Amino acid sequence: MPKDKILVIGANGQIGTALVDSLREMYGDNQVVASDLFPAAEDKGLFVTLDATNVLALVETVHKHNITQIYHLAAVLSAKGELDPLRAWDLNMKTLFNVFEVSRELQLDKVFFPSSIAAFGDSAPHYQTPQETFLDPTTVYGISKVAGENWAGYYHKRYNLDIRSVRYPGVISYQSMPGGGTTDYAVEIYHKAVLGEEFTCFLKEDTLLPMIYMDDAIRATLELMEAPAEKIKVRSAYNLSGISFTPEELTRSIQEYYPHFETIYKPDYRQAIADSWPKSIDDSAAREDWGWKPSYDLKSMTKVMIEKLTEKYHLHIA
């Protein structure tokens, strides 16, 4: 049987940057094609410039590289999407339909698209939010994710297309800078701490949100995609949980390393978005169906983030 050939759309984003590296380690450098609107300066592997709103360009890329799987990560995120809702909806849905239709027509083996905790709204229980619950999102990003989940289920039921998805909580990583999400404070704060700067947080100090460290997020994605099809019982998107904490708790965790580090709180429009989201997630379906279990807690995540960013900035300064 031919080896899998994987296309990652939106490879320069926060998740894409780390996912491409992990996929290349798993499948080999020549089996993973990274794509985005512009090439990444650091990417030395296979890369194609691709606008996923252009379906003909997507078809050409799939044919040229004999693609068997697509990881579709391109999207306008929650906070940025609220600045131009119609553009966010148009881009998020057009790229999604292009990926689903091309995958159906060309009979690709698997498709991954990420959903988000933004799919939940005020009607869902905010603590231990269950797998099956009300989905009434408060952002255009969340609306597009709920629509995507429903279309994923439809394409699987109608066309037997193997689409898999998780609802990511806030993802924290050192590999790339924030990309316009409401949980991005939990990335930026580490950069400020390592650089010896004060941090201004756009959420209140007691805003509890579910998060996940990037290594866990990538491992969950790969474990889901590698699981036998018969184990995948949720064809919309699986709940995924890692750590829940507040900006105040995160600040205290960082102060274990930088005792004089300070966070100033100036909530803005993103506070209302965060208030509509879950505080914690029940991901028992993912644990039961394909064996998901997170590895990082707040303490271990902070240790790695500070170590990696210290190394990054020291190398940059040198």
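**Strands and their packing**

Tutor: Start with strand E1 (residues 6-9) and strand E2 (residues 32-36): the two run parallel and are joined by four bridges. Strands pair if DSSP finds at least two bridges between them. Helices (H or I, at least four residues) and strands (E, at least two) are DSSP runs, numbered from the N terminus. The model is predicted: local features need pLDDT of at least 70, side-chain atom pairs count only at pLDDT 80 or more, and totals for chains, interfaces and linings use all residues. Residues are numbered from 1 along each chain as its sequence is written, and side-chain values use heavy atoms, leaving out hydrogens and water.

Within this pair, Leu7 faces Val33 of E2 across the strands. In a regular strand, side chains alternate between the two faces of the sheet. In E1, Ile6 and Val8 point one way, Leu7 and Ile9 the other. All four are buried (under 20% relative accessible area, 1.4 Å probe, protein chains only).

E9 runs parallel to strand E11 (residues 209-213), with three bridges between them. Gly170 stands opposite Met211 of E11.

Contact means heavy atoms within 4.5 Å. Angles run from 0 to 180 degrees between N-to-C directions, and axes are lines fitted to C-alpha atoms, for helices over the stretch in contact.

H6 (residues 185-194) has a helix partner too. It packs with helix H8 (residues 247-255) at about 30 degrees, with the axes 11 Å apart. The two are therefore roughly parallel (angles under 35 degrees). From H6, Tyr185, Ala186, Ile189, Tyr190 and Ala193 meet Pro247, Leu250, Thr251 and Ile254 of H8. By class, that contact has eight nonpolar residues, one polar and no charged ones. Ala, Val, Leu, Ile, Met, Phe, Trp, Tyr, Cys and Pro count as nonpolar, Asp, Glu, Lys and Arg as charged, the others, Gly among them, as polar.

How values were computed: Angles under 35 degrees count as roughly parallel, over 145 as roughly antiparallel, 65 to 115 as roughly perpendicular and the rest as oblique. Buried means under 20% relative accessible area, exposed over 50%, partly exposed in between (1.4 Å probe, protein chains only).
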